[in-house]
Amino acid sequence: MKSNGSLKIAAMGDLHVKENDGTSYKELFSEISQIADILVLTGDLTDLGKPREAEILAAELRSCSIPVVGVLGNHDYECGHVEEVAAIIKDAGVQLLEGQAVEIDGVGFAGVKGFAGGFGRYMLGSFGEPAIKAMVAESVEETMRLENALRQVRSERAMVVLHYAPVLDTVAGEPQEIYPFLGSSRLAETIDRFPVKAVVHGHAHRGTYSGKTPGGAPVYNVASHIEKPTGRPYALLEL
């Protein structure tokens, strides 16, 4: 923590840890521990949602000596073992947010995975087939969970942690055809009802680093594939 009370937060998403690809994050986690106060992970921590992938990540996180906060992503659900994956990651010391909030050194972190649905006037509405209505209901439910998490924050400094994007700005660069599957404006509508200092998300590997909600909250796409001011796979933010 800086002398003025601000925190340096390293944020990164879309690690996609695999069973046999040989990629190690130990040195990166150690590096982050030297320059940041908190590490935030924005989902897709595993590639296929396999418990073994989560175990590999848990072992790698032993080299991280600072608090870790995170959410899950869509890939973490792939194999149908999400509860086991979440338990392994929590046991590694990660404060995994699934519609909750946690305060660390004066900063409140509110987190939820989020969901798809589209942006602005093109946001999917609850009309027509039951499958469409179910998709919209999932998007609305995730938004309500985010609202509940934000209501738990008591700190004047709040960061929202998502996997899916809340704004169109930070998915720009992806094929326009898949924009509706990368996030939802419903998330931004909820964020703008609260005094949020920053929002981080992942998911859009070919998106854009920074944007804003309609209400002016800064949004950062911190997927590890995105070019960032640090020149590293993680962003470094100060709150």
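Here are a few notes on charged and aromatic side chains in this predicted model.

1. Some ground rules. Residues are numbered from 1 along each chain as its sequence is written, and side-chain values use heavy atoms, with hydrogens and water left out. As this is a predicted model, local features need pLDDT of at least 70 and side-chain atom pairs count only at pLDDT 80 or more, while totals for chains, interfaces and linings use all residues.

2. Start with lysine 228, in the loop between β10 and β11 (235-238); strands here are DSSP runs of E, at least two residues, and helices are runs of H or I, at least four, numbered from the N terminus. Lysine 228 is buried but has no salt bridge. Buried means under 20% relative accessible area, exposed over 50%, and partly exposed in between (1.4 Å probe, protein chains only). A salt bridge needs a side-chain nitrogen of Lys or Arg within 4 Å of a carboxyl oxygen of Asp or Glu.

3. What does lysine 228 have around it? The nearest side chain of opposite charge, aspartate 14, is 8.3 Å away (Lys and Arg count as positive, Asp and Glu as negative; His and the chain ends are not counted). The lysine 228 side chain does reach the backbone oxygen of isoleucine 226, at 2.8 Å. Setting aside neighbours within four places in sequence, its contacts (heavy atoms within 4.5 Å) include Tyr209, Asn221 and Pro233.

4. Tyrosine 209 is itself buried, at 14% relative accessibility. The structure has three aromatic pairs. In one of them, the rings of tyrosine 209 and tyrosine 220 have centres 5.3 Å apart and planes at 45°, so the pair is tilted. For the record, rings of Phe, Tyr and Trp (its six-membered ring) pair if their centres lie within 6.5 Å; planes under 30 degrees apart are stacked, over 60 edge-to-face, and the rest tilted.

5. The whole structure holds nine salt bridges. One joins glutamate 19 and lysine 50 (3.0 Å, N to O). Glutamate 19 is in the loop between β1 (8-12) and α1 (26-35) and lysine 50 in the loop between β2 (38-42) and α2 (51-60), so this pair ties together parts 31 residues apart in sequence.

6. Arginine 232 and glutamate 31 make another salt bridge, with their closest N and O atoms 2.7 Å apart. This one links the loop between β10 and β11 to helix α1, 201 residues apart. Arginine 232 is partly exposed at 35%, and glutamate 31 is partly exposed at 26%.

Key
A polar contact is a pair of N or O atoms within 3.5 Å; within protein, one must be able to donate a hydrogen and the other to accept it, and residues adjacent in sequence count only if both atoms are side-chain atoms.
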